[in-house]
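Have a look at the structure first, then read on.

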Amino acid sequence: MNFLSLFVVVPLLMLAGLFPARTMRQIRAVAVTGASLLMVLACWLVWMYLAERSSGNTSEMLFTAETVWYPSLHINYSVGVDGISVAMILLSAIIVFAGVFASWKMEHLPREFFLWFSLLAIGVFGFFISTNLFTMFMFYEIALIPMYLLIGVWGTGKKEYSAMKLILMLMGGSALLLVGIFGIYYGSGASTLTITELAALTIPIELQRYFFPLTFMGFGVLGALFPFHTWSPDGHASAPTAVSMLHAGVLMKLGGYGAFRVAMYLMPEAAGEMSWIFLILTGISVVYGAFGAIHQTDLKYINAYSSVSHCGLVLFAILMGNETSTTGAILQMVSHGLMTALFFALIGMIYGRTHTRLVTEMGGLMKVMPFLGVSYVIAGMASLGLPGLSGFVAEMTIFVGAFQEPDLLHRVLTFGAIASIVITAVYILRVVGKIIFGPMADRHHEQLTDAVWHERLSVGVLIAAIVAVGSFPYWLSEMINESVAPLITHILR
Amino acid sequence: MQYALVILLLPLLNFLVTGLMDTRWKARVAGTISTVAIAVITLLSYVTAYEYFTTRFQDGSYQAFIPFELNWLRFTDTLQVQLGLLLDPISVMMLVVVTTVSLMVHLYSLSYMKGERGFERYYAFLSLFTFSMLGLVVATNIFQMYIFWELVGVSSYLLIGFYYTRPAAVAAAKKAFIVTRFADLFFLAGILLLSYYTQTFDFTALTSGDGRMFGTIGSLTFMGGSVLSWAMALIFIGGAGKSALFPLHIWLPDAMEGPTPVSALIHAATMVVAGVYLVARLFPVYAVQTPEVLHGIAYTGLFTALFSAVIACVQTDIKRVLAFSTISQIGFMMVGLGVSGYGAHEGLGYMASLFHLFTHAMFKALLFLGAGSVIHAVHSNSMDDMGQLRKRMPVTHLTFLVACLAIAGIPPFSGFFSKDEILAAAFHFSPPVGWILSGIAGLTAFYMFRLYYNIFWNDKPPTSRHAEHPVHESPALMTLPLIVLALITLVAGFIPFGRFVTSDRGLYTISLDWQVAASSILIALAGIGLATVLYRRNNDKPARLKLKFAGLHEAATHRFYIDEIYLFLTKKVVFNSISRPLAWFDRHIVDGFMNLLATVSNRVSVRIKGIQSGHIQQYAWVFLFATLAIAGILLFVV
Amino acid sequence: MGESILTASQAYIPLEAYILVSLIMFFAGVYGFLVRRSVLLMLISVELMLNAADLNFAAINRYLYPEHSEGFFFALFTIAIAACETAVAIAIFINAYRNLQSVKVNSISTLKE
């Protein structure tokens, strides 16, 4: 069995291991083992990948393997990774790890919770290692379906409504996606579903004009493309902490990843023709999400709109279609994933103590919860793009890349996207100034305690990753760039 | 000179260590370690400066030297961000300035901040700031400068908001950050624009004098101006934000909410001159390629200088007076750069501007630290609570007087020499500008001595607060930096600055233009004289003047309502007219559409539900019709 | 003897008459099935439909394919099966009546009460 398949097998074992687990201790043991194993595997993968690349292997996908599954429709279980996938797998492993520790105190049906969580992990990792369109789609669905239960059962607020809305909208996106996949398959002659092979074939431009928008929108719904983003605020707000972390941190990146790898890579001619429409939509997302965030008073809603803005930037950069901006997009996926996971973790911890998410009801928390307060400030700084933290690296790469397109529309949209750094600063500092700094808003909050060990671990891992990517970005951006370059060459030909 | 890297690394290390150890160490330990670290790097800076100025002069100019550089991030094949150290006359000068003032502030704070909650945090942030500012001045490329630019902004945010339980401090920190961020937006746009056409971020390449790289950008036009001018203007706007030029000056007076030593370090001597430094760094491009932007810079500086000088005349909070004074003096520096040409005598403005940066840093820091000393003693910021302090606080009094004389431009203090050169350059460029600038210099003398007299002389009746606390001189750790800075102010004027820092890095001997000198001394004396008449003793003349010019006085006290305009823009325009409707639109229209889809599906489903009624006869009807229909089709159509 | 009987009956009653009768019977049955509210009457209508079909089988067999007898066999089968089906149906209806207290067909509309 291929080494890559371990990323699917380990969560599967985690799933299986949860069935006999009875006590909280056993459940936690299984979860921690699984998550730690995934972290180790991810680090090992990075190491092996970099070693393989430096030894001169320049093939597009490394560590490939293929098992025939349903030959008449060319559905195979094929796996392989390149720089982009490795970055995303690393991101997912970190967030799964942090998520497990953030859910340490899950009291309501913990076994079932971690069960669905493992299923989510299976879907996410499977998606990133797949190179066959059908299996990619299959893992995509596997990642999607547990969301309904996780939010609907373990969520807060109007959870049933949010869960239903989320799952219906995302399923709607998958439906469009499926049509797009069929279009690609039949349009290219129905001979293969493996991405690398499909890229070598051509799909007639008339068909591309139909299927590119469908596929792009299908992935775009998950990537918070305006106007299909409205599942996001309610979904994130109602979801439990670890689910929000994983969803905003990783799942939304599936959209960006798929949009690039499938929609743009396999249908480059249509992408070139129609990118301007989606550029406008994503440009709107970036600014719209930021302005929307200013008005919100619920911490999770602020973060959700912020995610709409940052994920919009990912799609924006991908659509710009040059090497630098795409590298920036992948970096932004990693960076934003870490940042938003950190935010949701912190919000969950704060909510667990103050029992409110409303900004108006909190104040001066730095005095009683210094660790959480400082972490929140760091998260805020990362979000507004402070150098030394990952957000800066990603956003600057995107801006420089986007600026390389000289025509007026691209320049105007780029300036709009850059302007979002000011708006982000406004809403981040407003929140930080209100809840972390300032005088205490509620006398009862003076009794609150700071983070405990598992919360510190969860937050610490994420902050360490953010600082590492932000201060030493060279290895990561080079790894991603190496893999992006041939893809872009193919797209632009 | 590889050791120059230590100058940057030591404060960074100190930040990490002091920050992570926080209250686990005793306050004294944190303070001492930080101060020792800064003392070390101050010494190293002097050594670097000595070595640089004595060994790096070749072929008629000082050679720029890069002892350290690493690849940090690669954007495209040609655009890369490196992190490195660039040593040339202005960066070495700034190293000396920043480390010296930082050391004085560190020493002073040991006593000033003693006993305060968050003492360790304070020193950690001071180190962070020092690191960021040093990184900014030694930047080898414009992107590195931008990186440290942002870091300096954050350090400033953290330090202004140091007393974070006070809403005013939190609000001030936020304002500072957002205003400078807004300016940085334009800075970034300018960087992107410039680098796209020149395909480099590197300062050495940009300022090498090779005009070819500006070929494409210089020939393109956009809305009337060349794209290069646009790019350089945008970059300048970024600098204007950090340097608090009109209309981006609003954050600086509010920033006085931070501890006074912070104001001394950041908002007087170092961070606020970042904009001046930026223009100085890119000066060859400004002067040779886009002189019209340079002239725009001069006029902006001129207006700012006048505007803030007027406001400073009516402020009663002593720190606010000093804040507006800083804004005004930075305006001077910008004018100096703006009127300058390139090379030898033409570049007088450049040299003068940086000379003034040097001297101003020293005496402004002195003024702020002195003000801190007074505030510490009197427990109030307001002039109305002070008076007659010269007997109780002799050291503070004398050093403060030295600084006031310097800023007023009285020889032999340093301020006279540097300001005089700027005036000379201004006159050379355009006599009206020269006269306006001289007038502002007179105003400067006036308001500074207004401040001086109100604190140390004016025998107004003591307020009840004043009478409660016995006022005494500050402890040695606070007065020592004051004395050191005063000494520097006394001698710095005699430094032959043109031998070190000039626009083309060549040598230039300063000569005193006696006409300009004489007129400036006279104007300064006039200002001092007016202040003496009005404020030395308590009388009603100021009150009568206030009544006479009531409108102007009122407007100046309210800082000409610029803050209100900004508040209006942010609250009414951004929050209410953009953000709220957008949020409503999202909730009700976009989301509402999705909800509508769901409701429609529901209703349709309810209607269709009737088909599956469970009534057999209904099914039988359907069967019948279907069969007839199919039979009909088969018989008649097929 | 068979010949004369055949000729005599053929001269008087055409095939169409039988078809017509069975048609009328069948649609009477259909009408009754669709319109009646009582399950017993629906059952009677079903019987009518079945008998109509039988008549059809018999008539066509007699007139068009006199050598064969499959039609008659089928008709006999159908009559027998109709009898069984009626018995089962009445058993179901009696059971339903016991639970629902009604012979109206509308009352049997939900799978689970």
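Let's start with chain C and chain B: three residue pairs are in polar contact between them, both residues at pLDDT 80 or more. A polar contact here is a pair of N or O atoms within 3.5 Å; within protein, one must be able to donate a hydrogen and the other to accept it, and residues adjacent in sequence count only if both atoms are side-chain atoms. On the side of chain C that touches chain B, helix H2 (residues 15-35) of chain C gives the largest share, four residues. By class, that side of chain C has seven nonpolar, two polar and two charged residues.

A word on the ground rules. This is a predicted model, in which local features need pLDDT of at least 70 and side-chain atom pairs count only at pLDDT 80 or more, while totals for chains, interfaces and linings use all residues. Residues are numbered from 1 along each chain as its sequence is written, chains are lettered from A and ligands numbered from 1 in the order in which they are written, and side-chain values use heavy atoms, with hydrogens and water left out.

Which chains share the most contacts (heavy atoms within 4.5 Å)? Of the two pairs of chains in contact, that's chains A and B. Chain A and chain C have no contact, and their closest C-alpha atoms lie 27 Å apart.

Here are the two interfaces in brief. Buried area is the accessible area (1.4 Å probe) that two parts lose on being put together, summed over both, and a salt bridge is a side-chain nitrogen of Lys or Arg within 4 Å of a carboxyl oxygen of Asp or Glu.

| Chains | Buried area | On carbon and sulfur | Salt bridges |
|---|---|---|---|
| Chain A and chain B | about 4900 Å² | 71% | three salt bridges |
| Chain C and chain B | about 800 Å² | 67% | zero salt bridges |

Between chain A and chain B, one salt bridge joins the side chains of B:Arg587 and A:Asp234 (3.1 Å, N to O). The contact takes 57 residues from chain A and 47 residues from chain B.

Finally, the inside. The largest nonpolar core has 435 residues, and those with the most contacts inside it include A:Leu133 and B:Phe449. A:Leu133 touches A:Ile181 and A:Val262, among others, not counting residues up to four places away in sequence.

How values were computed: Helix = DSSP H or I, 4+ residues; strand = E, 2+ residues; numbered from the N terminus. Nonpolar A, V, L, I, M, F, W, Y, C, P; charged D, E, K, R; others polar. Contact = heavy atoms within 4.5 Å. Core = buried A, V, L, I, M, F, W, Y, C linked by side-chain atoms within 4.5 Å. Buried < 20%, exposed > 50% of the residue type's maximum accessible area, 1.4 Å probe, protein only.
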